[in-house]
Amino acid sequence: MDGINAMFWDSLHSGKPTIPNTWVDVRDVAEAHLRALQTEIVSGTEFILSAPAGSWERVGDLVRRKFPSVRCQLKGPIEGGWTVDTTAAERILGMQWRGQDEMVEAVLEQQLKLREAVTSL
């Protein structure tokens, strides 16, 4: 495991997050690119592709409840975090972001399946 998924996994096991509290689902990124190709956009317009800032405490609760084998070590309160302004992507591209719980569950299900496949080799 590498990249952002590795940093996410490390955050679950470190007790404190090692990455900010803003994420975007790869499916939302793909959808935004498709919409950008189909939409009249003023030259130079930039978009931030991110779901609204999430709660690491909520992530910890979700992981402990649904994925106890992960042994999540996140402990609150977790101070700080980023805020992002995604109104341009929402207004111009019509983006609606997948929720934090859906993203966390998708990543963990994928990573646990990959781990299982590697272990069975």
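This briefing describes a helix packing, a pocket and a loop residue in a predicted model. Local features need pLDDT of at least 70 and side-chain atom pairs count only at pLDDT 80 or more, while totals for chains, interfaces and linings use all residues. Residues are numbered from 1 along each chain as its sequence is written, and side-chain values use heavy atoms, with hydrogens and water left out.

**Packing of H1 and H5**

- Helix H1 (residues 3–14) packs with helix H5 (residues 100–119) at an angle of about 95°, and their axes are 11 Å apart.
- H1 and H5 are therefore roughly perpendicular to each other (65 to 115 degrees).

**Largest pocket**

- Of the 16 residues that line the largest pocket, Ile 4, Asn 5, Val 24, Asp 25 and Val 107 lie nearest its centre.
- H1, helix H2 (26–37) and H5 each give two or more residues to this lining, and H5 gives the most, with 5 residues.
- The lining comprises 11 nonpolar, 3 polar and 2 charged residues.

**Ser 69**

- Ser 69 lies in the loop between helix H3 (56–66) and helix H4 (87–93).
- Ser 69 is exposed, at a relative accessible area of 54% (exposed means over 50%, with a 1.4 Å probe and protein chains only).
- Ser 69 and Leu 112 are 43 residues apart in sequence and 9.4 Å apart in space, C-alpha to C-alpha.

Key:
Axes fitted to C-alpha atoms, helices over the stretch in contact; angles between N-to-C directions. Helix = DSSP H or I, 4+ residues; strand = E, 2+ residues; numbered from the N terminus. Parallel < 35°, antiparallel > 145°, perpendicular 65-115°, else oblique. 1 Å grid on protein atoms, 1.4 Å probe; cavity = no way out; pocket = protein on both sides within 12 Å on 5 of 7 lines; lining within 4 Å. Nonpolar A, V, L, I, M, F, W, Y, C, P; charged D, E, K, R; others polar. Buried < 20%, exposed > 50% of the residue type's maximum accessible area, 1.4 Å probe, protein only.
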